[in-house]
Amino acid sequence: MNTIALPLPAAATTRSALASTQEAPWVRWTLIGVALTFLTLFLFVPLAAVFVEALKKGWDVYLAAIVEPDAVSAIQLTLLAAAISVPLNLVFGIAAAWAIAKFDFRGKNLLLTLIDLPFSVSPVIAGLIYMLVFGLQGWFGEWLRDHDLKIVFAVPGIVLATVFVTFPFIARELIPLMQAQGQEQEEAARVLGASGWQIFWRVTLPNVKWALLYGVILCNARAMGEFGAVSVVSGHIRGMTNTMPLHIEILYNEYQFAAAFAVASLLAGLALVTLVLKYAVEQRVKFDPHAPSGRCPPRGLRQQTGEAGSAPTA
């Protein structure tokens, strides 16, 4: 009986191709071990040490350090700076991303460069810039003094410094997404008769809502943890211009380690909450059944504009 030579099955060919492109098991496990060791030494151990040192002398000392008047003032100022800077950066980030992603105009590259400026300039330098402009010896120092207005060494300076170091986060989350989405949906909505606000609320904003929330989370975490720029413009006035990071520094320099770690544990807790929210947003984006998949405007927009899905005829 004659035998016929058959080609290798497709599955065997696929396994052979995968085997030729995969690393050996010991290489994968070595990389995983190195990564876990790095995370343990530089993330988990320091984070655990903060909470251990904060609770080292008991709950009474821990709570006393948190409810102490200067600590309460620092917490309130930190929350106030974040509550002002995050909404301002939210408005700026949406406007800048919409302009950059949806329109072509002169100075577009310059705007992109300015958005990235806080990433390339040290926060301390940013604080010194505000001192040069609004300080007593600065450009507007005499005018501010004559009108009894305070920018530096006061809450307005802290807010300005916080806004400066945090304003790229939301814009930088939105710009790549809006550019990848293109302008087809907005153009289709315009053809259907939608106004500018309808296009924004019904098309643009729903498509970027998760990236927007992601940027807000990062912006808020950065605002509450800012140290360098705020340190320069605050003046370190206890009970008035000290934020939580500055208050922690003062306590540590005065050898009040338990109190310093107690306040630091609040910022560490904020970091953990930020990570949880970040993960939740990422999972929501991954499994969101309502994420827009087509290039046609949402049904709600078509109903609101009174169209059945076709362009109006002249």
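Reader: Which residues count as nonpolar, which as charged and which as polar?
Author: Ala, Val, Leu, Ile, Met, Phe, Trp, Tyr, Cys and Pro count as nonpolar. Asp, Glu, Lys and Arg are charged, and the others, Gly among them, are polar.

Reader: How does the lining of the second largest pocket divide by class?
Author: This is a predicted model. The lining consists of Phe134, Gly135, Leu136, Gly141, Leu144, Arg145, Asp148, Leu149, Lys150, Ile151, Val152 and Phe153. Gly counts as polar, and Asp, Lys and Arg as charged. The division is therefore seven nonpolar, two polar and three charged.

Reader: Which helix gives the largest share of the lining of the second largest pocket?
Author: The pocket has a volume of about 220 Å³. Its lining includes Gly141, Leu144 and Arg145. The largest share, three residues, comes from helix H7 (residues 141–146).

Reader: How many helices and strands are in the protein chain?
Author: The protein chain has 314 residues, and buried residues make up 36% of them. Its secondary structure comes to 15 helices and zero strands.

Reader: Which element gives the largest share of the largest nonpolar core?
Author: This core has 33 residues, and Ile115, Ile158, Phe164, Leu174, Ile175 and Leu212 have the most contacts inside it. The elements that give it two or more residues include H4, helix H5 (108–120), helix H9 (168–181) and H11. The largest share, eight residues, comes from H4.

Reader: How many residues are in the second, separate core?
Author: Among the members of this core are Tyr62, Ala65, Ala223 and Val263. The core has 21 residues.

Reader: Which elements give two or more residues to the lining of the largest cavity?
Author: The structure holds one cavity of 30 Å³ or more, and the largest cavity has a volume of about 50 Å³. Its lining is made up of Thr78, Ala81, Ile158, Thr162, Ala223, Met224, Glu226, Val230, Thr243 and Pro245. The elements are helix H4 (69–102), helix H8 (155–166) and helix H11 (196–225).

Reader: How many charged residues are in the lining of the largest cavity?
Author: Glu226 is in the lining, and Glu counts as charged. Beside six nonpolar and three polar residues, the number of charged residues is one.

Definitions and conventions: Residues numbered from 1 in each chain as written. Predicted model: local features only at pLDDT ≥ 70, side-chain atom pairs only at ≥ 80, totals over all residues. Heavy atoms only, no water. Helix = DSSP H or I, 4+ residues; strand = E, 2+ residues; numbered from the N terminus. Buried < 20%, exposed > 50% of the residue type's maximum accessible area, 1.4 Å probe, protein only. 1 Å grid on protein atoms, 1.4 Å probe; cavity = no way out; pocket = protein on both sides within 12 Å on 5 of 7 lines; lining within 4 Å. Points joined across faces, edges and corners; volume = space filled by probe spheres on them. Core = buried A, V, L, I, M, F, W, Y, C linked by side-chain atoms within 4.5 Å.
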